[in-house]
Amino acid sequence: MYYFDKRLQYPVRVEKPDPIFARQLQQAIGGVEGEIRVCLQYFFQAWGARGPAKYRDVLLNTATEEISHIEMLSTAVALNLENAPATMQESSMQGNPIVGAVMSGGERPRHVIEGMLHRHILSTGMAAFPANADGVPFDCSHIYARGNLAADMYCNVAAEATGRTLAVRLFNSTSDPGMQDMLSYLIARDTMHQQQWLAVIEELGGDAALPIPNSFDRSNEATEFSYMFMGTERSGAPLEPGRYNEGPSLDGRGEFSFSPAFEPLGDEPVLGPARPDSAAQVEQMQEPPVTNALT
């Protein structure tokens, strides 16, 4: 059960409305790096969490906070669209000129309409919607909730890292003081969330709890390949030494090794003829001729 407060988690101010920046902010709402993604990811991880209840509580608290971030960004989109022209009109965009060139197809934008999302005009009445910067609706395909707490935590670190990267790019794409202030806050929260998920990983055992899942009976694992870096360069050129191909493995259960030009262990796959009911060609349904290797 959830309650809401009408006040924003953090102030959202727009001093120089910019419809093109509103479009960019959509990526932080409904992009694969955005807030809808992490919000739903943390909720579904929490709702299926088993084990120590404190980790479910951490996930629920953070998922609920992400709703606040969606609200902040949606408010920012709406404020950037206020008084935006719905017809061709000169733009006063003061953002990153490189971003401006991309948004207008190669030239610095002359018209707001060139870089705006038409759905902001046609579908939402100058408001945000659950889609990315190209107007593609968020489809939940990047939500990871696997029921393995450690695996989920690593997914969460990656989600916050990509989200923070996006927020930094947005910060660099605007000169509006209010927008930079809001993004500075969101960047700080991404920092905290990265740290908290890493802290959970540490509590779960960190490197000593690897590999994930650690519940698998490793007598059933082909461990001779578990710590081998397989070189696939045909020349067999040596790989530059790195932490990943020499020395003790991170879990302390093996030694990294390097196998140059690793030779295939299997045979070339040979499939049988096509089934009569497969709608393939007649020629595909014929058995291949048997060749005598001695002739």
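Modeller: Start with one term. A helix here is a DSSP run of H or I with at least four residues, and helices are numbered from the N terminus. Keep in mind that this is a predicted model.

Biologist: Okay. Where is glutamate 35, then?

Modeller: Glutamate 35 sits in helix α2, which covers residues 35–47.

Biologist: Is glutamate 35 buried or exposed?

Modeller: Buried. Glutamate 35 has no salt bridge, though. The nearest side chain of opposite charge belongs to arginine 189, and that is 9.4 Å away.

Biologist: What does glutamate 35 touch?

Modeller: Leave out residues up to four places away in sequence. Then glutamate 35 touches Ala28, Ile29, Glu66, His69, Ile70 and Leu73.

Biologist: And glutamate 71? Which helix holds that residue?

Modeller: Helix α3, residues 53–81, holds glutamate 71.

Biologist: How far apart are glutamate 71 and glutamate 35?

Modeller: In sequence, they are 36 residues apart. In space, the C-alpha to C-alpha distance is 9.7 Å.

Biologist: Why does glutamate 71 count as partly exposed?

Modeller: Because its relative accessible area is 32%.

Biologist: What is glutamate 71 in contact with?

Modeller: Lys6 and Leu8, once neighbours within four places in sequence are set aside.

Biologist: Let's zoom out. How many helices and strands are in the chain?

Modeller: Eight helices and three strands. Reading along the sequence gives α-α-α-α-α-α-α-α-β-β-β.

Biologist: Which way do β1 and β3 run, parallel or antiparallel?

Modeller: Parallel. Three bridges join β1, residues 228–230, to β3, residues 255–259. In one of these pairings, methionine 230 has serine 259 of β3 as its bridge partner.

Biologist: And β2 with β3, parallel or antiparallel?

Modeller: Antiparallel, with two bridges. Strand β2 spans residues 247–248. Proline 248 has glutamate 255 of β3 as its bridge partner.

Biologist: What lies between β2 and β3 in that hairpin?

Modeller: Six residues. In this hairpin, glycine 252 takes a positive phi near 75°.

Biologist: Which residues other than glycine have a positive phi?

Modeller: Methionine 126 is one of them, with phi near 65°. Look for methionine 126 in the loop between α6, residues 118–122, and α7, residues 149–172. Alanine 279 also has a positive phi, near 65°. You will find alanine 279 in the segment after β3.

Biologist: Why is alanine 279 called exposed?

Modeller: Because its relative accessibility is 76%, and the cut-off for exposed is over 50%.

Biologist: New topic. Where are the cis peptide bonds?

Modeller: One runs from leucine 210 to proline 211, with omega near -5°. Another joins isoleucine 212 and proline 213, with omega about -5°. Proline 211 is in the loop between α8, residues 177–203, and β1. Proline 213 is in the loop between α8 and β1 too.

Biologist: How much of the chain counts as buried?

Modeller: 37% of its 295 residues. The accessible surface of the chain is about 17800 Å², and 56% of that belongs to carbon and sulfur atoms.

Biologist: And the contacts? What share comes from residues 24 or more positions apart?

Modeller: 70%, counting contacts in the chain with a separation of 6 or more.

Biologist: Last topic: confidence. What is the mean pLDDT of the chain?

Modeller: The mean is 90, and 88% of the residues reach 70 or more.

Biologist: Where does pLDDT stay under 50?

Modeller: Over residues 88–95, for which the model has 20 contacts beyond four places in sequence. Residues 98–111 also stay under 50, and there the model has 27 such contacts.

Biologist: How should I read the coordinates where pLDDT is low?

Modeller: Not in detail.

Conventions. Residues are numbered from 1 along each chain as its sequence is written. This is a predicted model: local features need pLDDT of at least 70, side-chain atom pairs count only at pLDDT 80 or more; totals for chains, interfaces and linings use all residues. Side-chain values use heavy atoms; hydrogens and water are left out. Buried means under 20% relative accessible area, exposed over 50%, partly exposed in between (1.4 Å probe, protein chains only). Contact means heavy atoms within 4.5 Å. Accessible areas come from the Shrake-Rupley method with a 1.4 Å probe; for residues, only the protein chains shown count as cover. Two strands pair if DSSP finds at least two bridges between them. Lys and Arg count as positive and Asp and Glu as negative; His and the chain ends are not counted. A salt bridge is a side-chain nitrogen of Lys or Arg within 4 Å of a carboxyl oxygen of Asp or Glu. pLDDT is the predictor's confidence in each residue, from 0 to 100.
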